[in-house]
Amino acid sequence: FLSDLCLSIADDLKIDIVPFAQKTIDILKLKPNMGDWDIISGSLSKLLNSLMQEGNQSILTSIKTLCDRVQSVRLLEKYGLKLDIALLEEYSKDNRHERTLLRKLLSKAAQLRERSDEMWDHLWDDACMVCDLIYKTSNYEQILSEFCRVLLQTGKFLTAERFLDGKDGVQLPQSTVEKVVLAAGKELFYGAKSFSSAEVSKAKQCFLTVPESRIIRKELDYISSLENVEQFGLALRPCDLKHISEKADIFDMILKHDPTSYTNVSGLIQFANSLNLSSKEDHLQVKLKLARSGIEAGDIGFALDFVNLFMEENFVPAADFVVHVIKAIHFEGVENTFLAEMISFAICYCPEKELNFLVGKLKLCMKSEYQTTSAGSILREHEFWVTKACSALSALLEFEDLQVLLDYVEDVVSVIDNNVHVERILATLLSAFAVKAGV
């Protein structure tokens, strides 16, 4: 063997052993699989002892590091993971590779026939030792997190619970426990090909390992509720839902599958509640999706019912939908006051490109009746609205009956308590008057 040869040559030729020892180390790093690891380890120990008296600290450190690498390789091979010393050397340069190494080791160990609690305990000891040998200062919380993740994914729930409670003085924070359990449960669930598969049951069991967690209970309720999506005729699999970023996107899938399902408002809202979409904002978002489907289907009456709701709630995301409705309806079939309120709401939040169109429609309303709307029901003091209102009022000055416009402005500013906003609107109005008068 190289180290024995090195010692023999140095002894016979009476030359400095250090260069030969360094060459031995370099060769072992490049071509480590040269025989039994026990032989290599023994030979390195012999070489190390022979160099102690040389006092060359650099070469001694190199040999000790190589001994650590050999020991690490031996421990990894116990669980079927074969890595060469060169790769471990590369891993040792960056602590971020520790997770990669752990996952490779645990993945191999999870494939072994023998996966008793005793095996996992020995694996824990060996994994900690490997990380210590390679990185000197190990992140034991990270090691424990990876163990819990693999135990949960492989269905070793009782063992996982024991590790989640802590191991050899290492304790995971509650936030980390929740993160690990959520990740493992989601991976099991979203990997399932059907709601009746074993992976779905395992996912639920995974979540139940931390039953006291509100976050995890919420996720468990969510995946359980997803099974009810079939009542809307949509045959989804858990794996189909993996890339849904927002829960509300499920309603887009339902409406795409059955465009007439928008009329089932109560059923869909009940389904939203089961998905933990139970806030007023959540319900408004779902109803907006239904309203959009209604207008696309030509159901103007259905859409107008929701327009009234969105205005009462000052639901800004519905502004473009309201513009769409204004463009779709026949004005003679809608009460003028309600129409003016719709247009005023849209003016508050619409894109700039829609402003001229809406102002034109508002002029038609003002021609039909002198004062058409009670601004207090829809106008708010938002900075964005004030900017839009100023633009709209400037455009309205083209209307000949200025008294009607002044009455409208008075109605607007009377419901605004913020004097700064009132001053901005009035200043805009006066400036526009001055331009009109040629001052």
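Guide: Contact means heavy atoms within 4.5 Å. By that rule S72 is in contact with L88, V130, L133 and I134, leaving aside its neighbours within four places in sequence. The model is predicted, so local features need pLDDT of at least 70 and side-chain atom pairs pLDDT 80 or more, while totals for chains, interfaces and linings use all residues. Residues are numbered from 1 along each chain as its sequence is written, and side-chain values use heavy atoms, without hydrogens and water.

Visitor: Why is S72 called buried?
Guide: Buried means under 20% relative accessible area, with a 1.4 Å probe and protein chains only. S72 has 0%, and is therefore buried. S72 lies in helix α4 (residues 57-77), where a helix is a DSSP run of H or I of at least four residues, numbered from the N terminus.

Visitor: What makes α6 and α7 roughly antiparallel?
Guide: Angles over 145 degrees count as roughly antiparallel, on a scale from 0 to 180 degrees between N-to-C directions of axes fitted to C-alpha atoms over the stretch in contact. The axes of α6 (residues 97-110) and α7 (residues 117-135) cross at roughly 155° and come within 11 Å. The two helices are therefore roughly antiparallel. Residues making the contact include L101 and L105 of α6 and W120 and L123 of α7.

Visitor: Which residues have the most contacts inside the largest nonpolar core?
Guide: They are W120, F321 and M342, in a core of 116 residues. Such a core is a set of buried Ala, Val, Leu, Ile, Met, Phe, Trp, Tyr and Cys residues joined through side-chain atoms within 4.5 Å.

Conventions. Parallel < 35°, antiparallel > 145°, perpendicular 65-115°, else oblique. Buried < 20%, exposed > 50% of the residue type's maximum accessible area, 1.4 Å probe, protein only.
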